[in-house]
There are 2 protein chains.
Amino acid sequence: MKYGITIFPSKPIQDEANSYRKRYDPHYSLIPPHLTLGQSFELDEKSVDVLIHELKIIANGTKPFSININKVSTFAPVSNTIYFKVEPNKELLELESKIHQSKFNIEREHAFVPQITIAQKLTNDEYSDVFGRLNMNEFKFEDVIDRFQLLYQLDNGSWTVYETFVFGRELV
Amino acid sequence: MKYGITIFPSKPIQDEANSYRKRYDPHYSLIPPHLTLGQSFELDEKSVDVLIHELKIIANGTKPFSININKVSTFAPVSNTIYFKVEPNKELLELESKIHQSKFNIEREHAFVPQITIAQKLTNDEYSDVFGRLNMNEFKFEDVIDRFQLLYQLDNGSWTVYETFVFGRELV
């Protein structure tokens, strides 16, 4: 089965992200707005139990931390993706690093760029138009992160949460 | 915020349910296929922490149990809803009952009918056609339930998982 590891930001950020995703992100209906910690990876059922054990230990070793969003940014020209840029901070980078150092060696496709996608797979014209407008907007969000989630993907491409890991609150 | 409590059945059941939901359920993109334990209810942030504490105790007092699906059924003529009928069993009824007896008095709109919706809001003609066909099909699913989930609703009507409660594995 295909799994992923994400943080769901709080409702106000999700609602704001969805106001753009609805029009500009073809994944809008597949998953709520999220910050990806581990991109989709294949795992059998037995290994998942071991991974969950590891994720609980990681969650217990993590303290709730703040994240800040101040602006949108983009992966262009590599891809016409626009996202809420999450300012990197030590706690977030450490959390992502620990997850990738787990024995499952969850691979990164790219360097870790903390972000919440709000638009993707745009044509060049759409991209210029949307990014031009959003880049003028001011975004100011602060959020406290105290958990992350393990999800699996259904045949239709959508994602279901399998388990939540709350910092410092997991029974190992 | 508006919360709900559900069980997500395993991937094979979700995939099968989605093959019908895609065409016949306008909530298809708002939430994965699910068995509702607690219908949507309003709760403020402080009360949620108390509810979560209660739900952990309930989860720890519940053992994994099997559910069986043998056929589709319907709420017609009350509503043109078609669902995978989950055979009621003691453990499932007890779990639902405990959740409704929590101090938040999560209200039932109707008697508890364990079910996974696969079609709703059909016109009468659609309903007759779809139910006529599905009622002839044989469905045979067995699943082991070992967790339930607390979700909240976003402004667009979709649901995000807030926390998972694994039977016997919660730190209280």
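**P77(B) sits in the loop between β3 (65-74) and β4 (82-86) of chain B.** Strands here are DSSP runs of E with at least two residues, helices are runs of H or I with at least four residues, and both are numbered from the N terminus. The peptide bond that leads from A76(B) to P77(B) is cis, and its omega is near 10°. In chain A, P77(A) is likewise in the loop between β3 (65-74) and β4 (82-86). There, A76(A) and P77(A) are joined by a cis peptide bond with omega of about 5°. As background for this view and the next, most peptide bonds are trans, and most residues other than glycine have a negative phi.

A few notes on reading these views: this is a predicted model, in which local features need pLDDT of at least 70 and side-chain atom pairs count only at pLDDT 80 or more, while totals for chains, interfaces and linings use all residues. Residues are numbered from 1 along each chain as its sequence is written, chains are lettered from A and ligands numbered from 1 in the order in which they are written, and side-chain values use heavy atoms, with hydrogens and water left out.

**K121(A) has a positive phi of about 60° although it is not a glycine.** You will find K121(A) in the loop between β5 (115-119) and α4 (124-134) of chain A. Is K121(A) buried or exposed? With a relative accessibility of 61%, K121(A) is exposed; the cut-offs are under 20% relative accessible area for buried, over 50% for exposed and in between for partly exposed, using a 1.4 Å probe and protein chains only. In chain B, K121(B) also has a positive phi, near 60°. K121(B) belongs to the loop between β5 (115-119) and α4 (124-134) of chain B, and its relative accessible area of 60% makes K121(B) exposed.

**Strand β7 (residues 147-153) of chain A has seven of its seven residues buried.** In a regular strand, side chains alternate between the two faces of the sheet. On one side of β7(A) are R147(A), Q149(A), L151(A) and Q153(A), on the other F148(A), L150(A) and Y152(A), and all of them are buried. Which strands pair with β7(A)? One is β1 (residues 2-7) of chain A, antiparallel to β7(A) over four bridges; pairing takes at least two DSSP bridges between two strands. Here T6(A) has Q149(A) as its bridge partner. Another is β8 (residues 159-166) of chain A, antiparallel to β7(A) and joined to it by seven bridges. Among these residues, L150(A) is partnered with E163(A). Five residues lie between β7(A) and β8(A) in the hairpin that they form, and G157(A) in its turn has a positive phi of about 95°.

**The side chains of R147(A) and E163(B) meet in a salt bridge, with 2.9 Å from N to O.** This pair joins two chains, because R147(A) is in strand β7 of chain A and E163(B) is in strand β8 (residues 159-166) of chain B. R147(A) and E163(B) are both buried. A salt bridge requires a side-chain nitrogen of Lys or Arg within 4 Å of a carboxyl oxygen of Asp or Glu. By this criterion, the whole structure has 16 salt bridges over all chains.

**R21(A) and D25(A) form a salt bridge with 3.4 Å from N to O.** Relative accessibility is 1% for R21(A), which is buried, and 5% for D25(A), also buried.

**R133(B) and D129(B) form a salt bridge in which the closest N and O atoms are 3.8 Å apart.** Both residues are in helix α4 of chain B, four residues apart, or about one turn of the helix. R133(B) is partly exposed at 41% relative accessible area, and D129(B) is partly exposed at 45%. In another part of the picture, K56(A), E163(A), D146(B) and R147(B) are joined into one network by salt bridges that share partners.

**A rotation of 180°, with 0.0 Å of shift along its axis, superposes chain B on chain A with RMSD 0.0 Å.** The two copies are thus related as by a two-fold rotation axis.

Methods
Copies are superposed by least squares on the C-alpha atoms of residues with pLDDT of at least 70 in both.
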